[in-house]
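Trainee: Could we go through this model together? I would like to begin with its charged pairs and then move on to other topics.

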Amino acid sequence: QLQVVESGGGTVQPGGSLRLSCAASTFTLDKYDIGWFRQAPGKEREGISCLRTSGGDTIYADSVKGRFTASRDNAKNTVYLQMNSLKPEDTGIYYCAPRLCALGPIKGGDWGQGTQVTVSS
């Protein structure tokens, strides 16, 4: 199992920013696709971004495109999700997952603890 640890969540006002981190200590993240996912209260978990190794590109769900940016820091073996112009509907628990690349609703899977993001005035 490829274990990762998410961090960086918090509470921000609408329009604010947060940067989430996804770190691994037992394997090298840059060898894998890394997906970012979130689960809002009462809703299905959904994929919002994926850093792909094939082609080296990053894809985003329409709901976050232009506001969120995923990136890698290979020296730190960490993946980031920079979230700007946050909206209340971005509230949820955010997860990263190696080898899982999907946009939209996703069922099942093996998830870590995630990090809570709350956008509220």
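This is a predicted model: local features need pLDDT of at least 70, side-chain atom pairs count only at pLDDT 80 or more; totals for chains, interfaces and linings use all residues.

Trainee: Which residue does Lys-107 pair with?

Mentor: Lys-107 forms a salt bridge with Glu-44, at 2.4 Å from N to O. Lys-107 lies in the loop between strand 10 (104-105) and strand 11 (115-119), and Glu-44 in the loop between strand 4 (34-39) and strand 5 (45-51), so the pair ties together parts that are 63 residues apart in sequence. Strands here are DSSP runs of E with at least two residues, while helices are runs of H or I with at least four, and both are numbered from the N terminus.

Trainee: Is Lys-107 buried or exposed?

Mentor: Lys-107 is exposed, at 70% relative accessible area, and Glu-44 is partly exposed at 38%. Buried means under 20% relative accessible area, exposed means over 50%, and partly exposed is in between, with a 1.4 Å probe and protein chains only.

Trainee: And what about Asp-62, which residue is its partner?

Mentor: Asp-62 forms a salt bridge with Lys-65, with 3.3 Å between the closest N and O atoms. Asp-62 is exposed, at 67% relative accessibility.

Trainee: Where do Arg-67 and Asp-90 come in?

Mentor: Their side chains form a salt bridge at 2.7 Å, N to O. Arg-67 is in the loop between strand 6 (58-60) and strand 7 (68-73) and Asp-90 in the loop between strand 8 (78-83) and strand 9 (92-98), so the pair ties together parts that are 23 residues apart in sequence. Arg-67 is buried at 11% relative accessibility, and Asp-90 is buried at 0%. Through shared partners, salt bridges join Arg-38, Glu-46, Arg-67 and Asp-90 into one network.

Trainee: Changing topic, what does Val-119 touch?

Mentor: Val-119 is in strand 11 and is buried, at 4% relative accessible area. Apart from neighbours within four places in sequence, its contacts (heavy atoms within 4.5 Å) include Val-12, Pro-14, Leu-86, Pro-88 and Asp-90. By contrast, 29 Å separates the C-alpha atoms of Val-119 and Asn-74, which are 45 residues apart along the chain.

Trainee: Where is Thr-115 placed?

Mentor: Thr-115 is also in strand 11, and it is buried at 9% relative accessibility. A polar atom of the Thr-115 side chain lies 2.9 Å from the backbone nitrogen of Gly-9. Beyond neighbours within four places in sequence, Thr-115 contacts residues including Glu-6, Gly-8, Gly-9, Leu-20 and Tyr-94.

Trainee: On to pockets: what lines the largest pocket?

Mentor: The largest pocket is lined by 18 residues, with Gln-1, Leu-2, Gln-3, Val-4 and Asp-110 nearest its centre. On a 1 Å grid over the protein atoms alone, a pocket is an open set of points with protein on both sides within 12 Å along at least five of seven lines, and lining residues have an atom within 4 Å of a point. The space in this pocket is about 370 Å³, a volume being the space filled by probe spheres set on the points. Strand 9 gives the most to its lining, with three residues.

Trainee: What classes of residue make up that lining?

Mentor: Ten are nonpolar, six polar and two charged. Ala, Val, Leu, Ile, Met, Phe, Trp, Tyr, Cys and Pro count as nonpolar, Asp, Glu, Lys and Arg as charged, and the others, Gly among them, as polar.

Trainee: And what is the volume of the second largest pocket?

Mentor: About 170 Å³. Its lining has three nonpolar, one polar and five charged residues, and includes Arg-38, Glu-44 and Glu-46.

Trainee: Lastly, what is the phi of Asn-77?

Mentor: Phi of Asn-77 is near 50°, a positive value in a residue other than glycine. Most residues other than glycine have a negative phi. Asn-77 is in the loop between strand 7 and strand 8 and is buried at 16% relative accessibility. Ser-85 also has a positive phi, near 50°; Ser-85 is in the loop between strand 8 and strand 9 and is partly exposed at 41%.

Definitions and conventions: Residues are numbered from 1 along each chain as its sequence is written. Side-chain values use heavy atoms; hydrogens and water are left out. A salt bridge is a side-chain nitrogen of Lys or Arg within 4 Å of a carboxyl oxygen of Asp or Glu. On a 1 Å grid over the protein atoms alone, a cavity is a set of points where a 1.4 Å probe fits but cannot get out, and a pocket is an open set with protein on both sides within 12 Å along at least five of seven lines; lining residues have an atom within 4 Å of a point. A polar contact is a pair of N or O atoms within 3.5 Å; within protein, one must be able to donate a hydrogen and the other to accept it, and residues adjacent in sequence count only if both atoms are side-chain atoms.
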